[in-house]
Every structure is written in structure tokens, then in C-alpha cells.
Amino acid sequence: MIKIIDFLKALKIWDKIASIKWCKRKAPLYKILRVRDFPEELKPYVLYVLGKPDQEWLAGILCPCGCGDLIELVLDGDHPRWKLFISPNASPTLSPSIYRSVHCRSHFFLENGIIYWCSSQVKH
């Protein structure tokens, strides 16, 4: 009988941990905004894309760390370059990851509109 009670307590604790995890992921999703040029004032949670559909050549994103820098990503050109994928619900994915080797040194993925942070071996 005690084992069943211990199991139920553990299950209740696990349920709380799982609900906390999902609550933390309620960040807004990134959406695509097609523009002719980057605006003076960038908005968070927006991936700015230059070029016609299927002919995108440049993307820009406000650094998600909060430093306020514009990160420009070449979509059509030489190394380094990124590939943009757009889901049916218009959520963007960029590949490979975005790593800033200067300033804030952020390292993250943008996948289906969600930022996934990488643990970096370089100290900030």
C-alpha cells in the first residue's frame, strides 16, 4: 500500500514538473515578413525576408538574446549561407544554426518559428 502512495506522489510531482516545462515554452512564434529593405525599427519575433517567394536572397532577425543587434543571413550566395524553410502555417526554419562569433555570441536554431538555444563552449 505504501508503494502505491509513493508512486502516486511521484506521479503528482512529475505532473507539476511537466506542466512547468510546457509553460516556459509559451514564447511567441516567429513569423515571416517580406520586405524590400530592413526597417529602421525592428520588431521582435519577426524574420524579415528580402526577395520574392522561392527567390529569397537575404533574411534579417533581431537578435533574440535582447542585445538589439540585427543579424543578417545570406540565403542565396557563397559561404556562409542559410536555407529558409517555410511550414504550411508560415512558421520559418533556418538551417544551419545561427552563431554570432562577436558581440553577444548567441548561438541558436530557429525551427518552426521557435528559438532553440545551444549551449556554447565559448564563455560570454
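Contact here means heavy atoms within 4.5 Å. This briefing describes a predicted model, in which local features need pLDDT of at least 70 and side-chain atom pairs count only at pLDDT 80 or more, while totals for chains, interfaces and linings use all residues. Residues are numbered from 1 along each chain as its sequence is written, and side-chain values use heavy atoms, with hydrogens and water left out. Helices (H or I, at least four residues) and strands (E, at least two) are DSSP runs, numbered from the N terminus.

**Two loop residues**

- Glu56 belongs to the loop that lies between β2 (46-50) and β3 (58-62).
- Apart from its neighbours within four places in sequence, Glu56 is in contact with Arg34, Val49, Leu50, Gly51, Leu75, Asp76, Leu84 and Ile86.
- With Arg34, Glu56 forms a side-chain to side-chain polar contact of 2.9 Å; a polar contact is a pair of N or O atoms within 3.5 Å, where within protein one must be able to donate a hydrogen and the other to accept it, and residues adjacent in sequence count only if both atoms are side-chain atoms.
- Glu56 counts as buried because its relative accessibility is 17%; buried means under 20% relative accessible area, exposed over 50%, and partly exposed in between (1.4 Å probe, protein chains only).
- Ser87, in the loop between β5 (83-86) and β6 (92-99), is likewise buried, at 16% relative accessibility.
- The side chain of Ser87 makes a polar contact with that of Asn89, at 2.2 Å.

- Strands of a sheet pair through backbone hydrogen bonds, either parallel or antiparallel.
- Two strands are taken to pair if DSSP finds at least two bridges between them.
- Strand β1 (residues 31-35) runs parallel to β2 and is joined to it by five bridges, with Lys31 having Val46 as its bridge partner in β2.
- The pairing of β2 with β3 is antiparallel, over four bridges, and Val49 stands opposite Ala59 in β3.
- Five of the five residues of β2 are buried: Val46, Tyr48 and Leu50 on one face, and Leu47 and Val49 on the other.

**Nonpolar cores**

- A nonpolar core is a set of buried Ala, Val, Leu, Ile, Met, Phe, Trp, Tyr and Cys residues joined through side-chain atoms within 4.5 Å.
- The largest such core has 17 residues, of which Leu47, Ile61, Ile71, Leu73, Leu94, Ile98 and Leu110 touch the most other members.
- Two or more residues of this core come from each of β2, β3, β4 (70-74), β6 and β7.
- A second, separate core has eight residues, including Phe38, Leu42, Leu58 and Leu62.

**Cysteines**

- A disulfide is a pair of cysteine sulfur atoms within 2.5 Å, and by this rule there are zero disulfides.
- The closest cysteine sulfur to that of Cys104 is in Cys65, at 3.6 Å, which is too far for a bond.
- Cys104 is buried, at 18% relative accessible area, whereas Cys118 is partly exposed, at 24%.
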